[in-house]
Amino acid sequence: MSTTLLGQAIRRALRMHGIAGVTLAFASVAAPALAQDKAADAPSQQLETVTVTGSRIRKADVETAQPIVVIDRTAIEHQGFNSVADILQNLSEAGSPPISRASALASGESVGGYYVSLRNLGANRTLVLLNGKRLGATTSGTQDLSQVPVSAIERVEVLKDGASAIYGSDAIAGVINIITRKNYDGAEASAYVGQFDEDDGAKQTYSMTFGSHNDRGSITFSAEYSKEDPVWAKDRPYSAYPNSSRHPTSGWSLATQWGAFYFPEGFCAGQDDSPLGTCTLKPGGNPFDPADYHGTNAAGGNSDRSNANEQMMLQTGIERRSLFVNGEYAITDNIRFSTDILYNKRSTTQQIAGYPFQPAFSLPGSTSLIGLSAQSYYNPVGDRFLGEGNGHDVYFYRRGWEVPRTRSNDLSTYRVSGTLEGSFSLGERTFNWDVGGYVNTNDLLKLQRGDFSLIALAGALGPSFLDPATGRVTCGTPDNPIPYGSSPGSCIPWNPILPAGQGGSGSLSDPALQAYLFPEYHDTGRTRTVDYSANITGPVFTLPAGDVNVAAGYEYRNETGDFVPDAFSQAGISTNLSAGPTSGKYTVEEYYVEVDVPVLKDLPFARELSFNVAARHSDYSSFGKTTNGKFSLTWRPLDDLLVRGNYAQGFRAPTINDLFGGLGGTFDSYTDPCDVTNGEAGINPAVLARCTSGFGGQHGTPANFHQLGQGGSPCTAFPCQTGIQFLSGSNPTLQPETTTTKTLGMVYSPSWIGGLDISLDWYRVRINNAITADSVQQIVDDCYLRGVTSRCSNLLFTRDPVTGVVNYALRGQTNQGWVDTEGYDLGVNYRLPEFSFGRFAIHWDTTYVAHLNTKPDNDPATIVQPSTSLGSNFRTRSNASLDWTLGDFGATWTTRYFSSIKEKCSSFPGECNMPDHVAPDTGPYKLNRTGGNTFHDLQVRWNAPWNASIAAGVNNVFNHVGPVLYSAPNSSFTYYGGFDIGRFYYLRYTQKF
């Protein structure tokens, strides 16, 4: 079969199955290309069949019953995005970004990567492949899409169906298969630059692709450099303040750069009027003169409070360097060797406000809190002023404003794959085989600064004296001085009373003191995947309707992973989150078989009837064995109409972090249901009774209980971040979660309207025995809202017997309950006839979520929790575009729609427009529902006569800004982390040689 005939067959089959030209940019209706613009024929064309994502069977017509979206290279170039994740995130089937670049407070191994969550079921339930083989993953099972340079991509196929019977674990919500360019002949250079119209967030990408071939083989190189500058929270109204510019004075912290100090009662004027009973030095005041102090925040408002958002990044910066090589060589006419080599280094930066130190820290093995020692030279109520033995230790709140917390995450990826593939004949039947393997290694280096070293802090706040020989304050005592400096064994005293910006002895503005108190911390990690596989496919016999094709294979995979936090974090001797090391491995052996059976063909109301069955047996060293099957049906009653259906079993194995993760600290954000003003206790008598009575063995909360946040002050915005470090951990007894996926759909391509394809698919995914990362919010809601007594256990959380504040919580991984989602995908693609004024193409893709429900445990009495439209769970996402071409000119207008969002009105009940909402699982609570949001993009382009193309565009043409969302979904700010943050202009130039 010639390349031309094969291409025609592929285009016909893809069109019949509704996947031809279903592209994200909605830019061109073209089947996936077999090569590039100047690609050569494959070395000898001995493999005349191809595979499509979701099946291992090679067929010339690539007919499939599964819903697939294809994003070809033309579609990629017709968008204003320069990363794989940004492109995929705009699929209507994509859920909210798991770790968005607006999640400035996120921590852990996966931070800094780009991930996609199909159906909003989680990034680790979406399997990502590179040329049909698994992309490397973190110990948490997330696969970073920034590993793949855009310049190397030929197309992306997105399977919107479960496929564990074909690919094994993780293929629950769907499969993303990134297919790279190969057989390229020539050279191509491209430059992309852009920025927001606020003159920030500049992006630049430069790439080079070149290749060559001969009669026996080919080689293709792609190199890419990309950089995106950060955007600062202070430069956008919805992130400039803790509760947005709508409430610019709300949510400010009492842990400030000016400090709040617990001096003896009566030390300063207005101390009794301070919310904390503390004193703060007046600007420019003398720290040793009580007259220069006033009661902290005694004047009310935001006096002596700080806005931490001033130092935070709204969008983190990222820099990538990539190299991808593909080579093929025909050893004989029937045997070919191919290899892929990938190197990628991704560097991301985060910044948040300096650490809010508070009187809650002590050194390991000590019960004494760290504070300003009575023997410190800088203590105005210490021994120096009150006499030896009469001074007071001073405890305080003080933010390290002078040294913001920064994190740099460097991930280096090394990947090498090699495959021998060929064909042989038995009689008149041709079989295709391949044997290959790959190694994927990810090395992580995480550098952090801005957290206090508790050892250095205890020394800097400990005894100190004025050394007459040097004229400077020195740690220790005159009889036992400690060398001055930041090296090990040395010490530099700190005067925390001096506010940021005020110089003087002991000021934190001193670079030497900063180096002493804030060392650089280093976390390291490595994950490694080693995979070997062998496959064979071909027709085994013939029925009247056609060949019965079979594919079978074996795969072995070894997964190892380590994440080693800095020694300070492991020992708990810094203000950073405490963390233990993660280290583990597992192996899996798998066998699969797939059979494609044609039943009827070319009959009335059965132009085609076929089914496909598959099964995969997996043997894991971590938990045991599992077998999963799949059944697919294709029925074409008319030439213009295809009906397709699938039933699939699936599973997701526990990850290395799930099983072997170390115990770590976390400052959770949550809304305490027992808060009588902002929680459900204020409107639900049953909840109030549980809270105050000590339900489930917990201490009861006071009748007027208010949740406390950072700095020990009452929360004003919700969810509210705790000021007490909680704990999270793993579970070595976890079992795999199991799934069933059902899809049923149709594709209508009327012959009487050329160029029109309409597809409609129903889907339902049910996840049982779900591997759940518990949260403090889920625990307290289950206890007090749903009355699940097992969730009130003191092993999970405790309350202070006096204040009622949650002072301890332990959350981990567990198998419990289920997740169930159901919805519909609609696709309309229409390429109009050519007119004298150009040719138009219309593309419209919509996903409607009928429900997304969860059940937190296996107790039959527990009520199902509906999540649809709550937070970042959109009921409807829709993308539509109009594409125009005329000769060398073209333009694309794209519209991206997000339906309304609902959130609880804990922060500002007066803004609720659904105050009488009653939830089936928790009873009444107030809701606010925002309107839908639509973003518009425009690109215009020109193919220049010197073999170049120039494109200019604007994303978010009308500078639309989404609604204020106090629940901060997928973000650290009052804004959804998946929305555009402004109008973005870009220019792309591509030169071919």
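Leu420 is partly exposed, with a relative accessible area of 33%; partly exposed sits between buried (under 20%) and exposed (over 50%), using a 1.4 Å probe and protein chains only. This is a predicted model, where local features need pLDDT of at least 70, side-chain atom pairs count only at pLDDT 80 or more, and totals for chains, interfaces and linings use all residues. Residues are numbered from 1 along each chain as its sequence is written, and side-chain values use heavy atoms, leaving out hydrogens and water.

**Around Leu420**
- Leu420 belongs to strand 18 (residues 405–426); strands (E, at least two residues) and helices (H or I, at least four) are DSSP runs numbered from the N terminus.
- Together with Tyr329, Ile331 and Phe337, Leu420 makes a nonpolar surface patch of about 350 Å².
- Such patches take residues with over 30% relative accessible area and no salt bridge, nonpolar side chains being joined within 5 Å and like charges within 9 Å.
- A salt bridge here is a side-chain nitrogen of Lys or Arg within 4 Å of a carboxyl oxygen of Asp or Glu.
- Areas come from the Shrake-Rupley method with a 1.4 Å probe.

- Five strands form an open, mixed sheet in the order 1-4-5-2-3, where pairing requires at least two DSSP bridges.
- Strand 1 (68–72) and strand 3 (133–134) are the edges, each with a single partner strand, so one side of each has no neighbour in the sheet.
- Strand 1 runs antiparallel to strand 4 (residues 153–159), joined by five bridges.
- Ile68 stands opposite Leu159 in strand 4.

**Gln710**
- You will find Gln710 in the loop between helix 10 (685–693) and strand 31 (720–721).
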